[in-house]
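Dear colleague,

Please find below the structure for your records, handed over with its sequence. My findings follow directly after it.

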Amino acid sequence: MMNRILEPEIMDIPDGALAYAQADFSIPNQKFVDKLIELYKYNLNSVLDIGCGSADVLIRLAAALPNVHVVGIDASAPMINIAENDIAKAGLISQIKLVKACVPNLPFERQSFDAVISNSLLHHLPDPMVFWNEAKLLGKKGATVFIMDLFRPESTEQAKMIVERAAANEHELLKQDFYNSLLAAFTLEEVRQQLMDAGLSHFSVSIVSERHWLAHGIL
Ligand SMILES: C[S@@+](CC[C@H](N)C(=O)[O-])C[C@H]1O[C@@H](n2cnc3c(N)ncnc32)[C@H](O)[C@@H]1O
């Protein structure tokens, strides 16, 4: 099994942020939103998306549920700028609020949210426990936590194959970032261990695509 190779944590190089925002993640992102709504629609009045990037997931969620208000945070100024534009274009500024902030120590009161969601953030973090602890702190008692991320393939060859299968026509910068992300990602066993360490071993964790795992449950 390959060890994790960290990639830069914050995506604050403007060209890299733009290449990411322009890439087509519509299939996994829509699946993420559909499953979240299917399982937890009753619990989505106030939603926090940690590491929201260009806010594609939040835009899909807000468009699907017009009464829901969501907050996205990201530590990258270029990502927040792109997200602001895309949210305005989608006509969703009244439903989506963005805050530039860095995990841990997000600027919210404890137990503020009905749901804490995150897509493709965890592999960026040198210490993933800061994320699980932040989610526990900011979710209300009974809140939904709903997290998807890449899992680390068994070899660099497999990582290259996944990039070619899923992103053949994307920008070179995106392909390089994607490859680095796969190598920085956690295995399912590592995620299970993190959940045990965080006192969240009752969460469900499963592989949901050739490159993603999904973990979710109630605090
Ligand atoms: C791969 S992108 C995922 C974006 C988005 N969630 C999506 O699904 O498209 C990861 C994002 O996490 C942000 N990020 C990384 N570390 C962070 C931290 N400690 N606090 C806040 N944001 C962080 C990066 O700047 C980047 O925008």
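A nitrogen atom of the ligand lies 2.9 Å from a backbone N or O atom of Val103, a polar contact in the sense of a pair of N or O atoms within 3.5 Å. A backbone N or O atom of Asn119 is 2.8 Å from a nitrogen atom of the ligand, and the side chain of Tyr20 places an N or O atom 3.0 Å from an oxygen atom of the ligand. The ligand taken alone exposes 600 Å², of which the protein buries 99% (Shrake-Rupley areas, 1.4 Å probe).

Please note that this is a predicted model, in which local features need pLDDT of at least 70 and side-chain atom pairs count only at pLDDT 80 or more, while totals for chains, interfaces and linings use all residues. Residues are numbered from 1 along each chain as its sequence is written, and side-chain values use heavy atoms, with hydrogens and water left out.

Around the ligand there are 20 residues, of which Glu9, Gly51, Asp74, Val103 and Asn119 come nearest (a residue is near if one of its heavy atoms lies within 4 Å). This shell comprises twelve nonpolar, six polar and two charged residues, with Gly counted as polar and Tyr as nonpolar.

Two backbone features deserve mention. The peptide bond from Val103 to Pro104 is cis, with omega near 0°, and Pro104 belongs to the loop between strands E3 (96-100) and E4 (113-119). Ala55, although not a glycine, has a positive phi of about 70°; its place is the loop between strand E1 (46-50) and helix H3 (56-64). Helices (H or I, at least four residues) and strands (E, at least two) are DSSP runs, numbered from the N terminus. Most residues other than glycine have a negative phi, and most peptide bonds are trans.

Lastly, strands E6 (residues 204-207) and E7 (residues 212-218) run antiparallel and are joined by four bridges (pairing requires at least two DSSP bridges). They form a hairpin with four residues between them, and Ile207 stands opposite Trp213 in E7.

Yours sincerely

Terms used:
A polar contact is a pair of N or O atoms within 3.5 Å; within protein, one must be able to donate a hydrogen and the other to accept it, and residues adjacent in sequence count only if both atoms are side-chain atoms.
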